[in-house]
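Me: Please take a close look at the metal site of this model. Which protein atoms are the donors, and are their residues buried or exposed?

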Amino acid sequence: MRRLALPLAAFTAGVVLIAVALLAFVGQPAQRQAASVGGPFSLTAQDGRTVTDADFRGAPYLVFFGFTHCPDVCPTTLFEISEVLRAAGTEGQRLKALFITVDPERDTPEVMKSYLASFDPRIVGLTGSPEAVARVLKAYKVYARKVPTSDGDYTMDHTAMVYLMDAEGRFVNGFDLKRPPDAAARDLLRYLAT
Ligand code: NI
């Protein structure tokens with residue numbers, strides 16, 4: 001019996017270790033999901049068309065969340081994105097950027113259309129029902145909150161990150177706009193080849 005006890009103990013320890021490892025592995029998908037960003041969506045573009053994430057496959061694209069009443073961050077970011085798209089030249093014809101509203105209440109397709117007229121035409125403005133927008137915000141882990149203003153109106157607090165998605169619609173990383181447009185454009189064009 002004694003001679004069996006040690007291998008048995010080792011075996012038991014082994015089984016326990018494997019069980020722990022398995023449990024840790026099973027517990028992981030939730031964590032991995034938490035790290036993943038993006039996902040399917042169906043929204044309305046500024047021309048009234050219904051568009052889905054599948055419409056943007058085939059070329060990399062940037063995704064930015066904001067709202068047309070934003071006083072500074074949104075227009076600045078959209079201007080910077082426009083500069084990058086311009087710097088990408090003819091090679092970057094197929095590049096796109098999505099401007100998804102966090103304020104669907106005020107940002108109708110018509111409002112988005114007139115607002116985006118000041119920026120690069122490759123920027124697609126997307127809005128939808130509050131529920132549809134809420135789902136996209138959740139998928140991209142975007143923080144957005146209504147903040148009342150003294151005049152009885154409201155503004156929005158929101159995540160100002162720019163997401164780089166590859167040609168398959170997979171999240172690559174946060175896209176750095178704080179560099180010369182040429183450098184940012186070269187970075188973006190690298191994902192056209194894949
Ligand atoms: Ni903003």
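Reply: Buried here means under 20% relative accessible area, exposed over 50%, and partly exposed in between, with a 1.4 Å probe and protein chains only. This is a predicted model, in which local features need pLDDT of at least 70 and side-chain atom pairs count only at pLDDT 80 or more, whereas totals for chains, interfaces and linings use all residues. Residues are numbered from 1 along each chain as its sequence is written, and side-chain values use heavy atoms, with hydrogens and water left out.

The nickel ion has as its protein donors Cys 70 (SG), Cys 74 (SG) and His 158 (NE2), which lie 2.1 to 2.3 Å from it. Donors are N, O and S atoms within 2.8 Å of the metal (3.2 Å for Na, K and Ca); water is not among the atoms, so sites may look incomplete. Along the chain, the donors of the nickel ion follow the spacing C-x3-C-x83-H.

As to burial, Cys 70 has a relative accessible area of 8% and is therefore buried. Cys 74 also counts as buried, because its relative accessibility is 0%. The structure holds zero disulfides, a disulfide being a pair of cysteine sulfur atoms within 2.5 Å.
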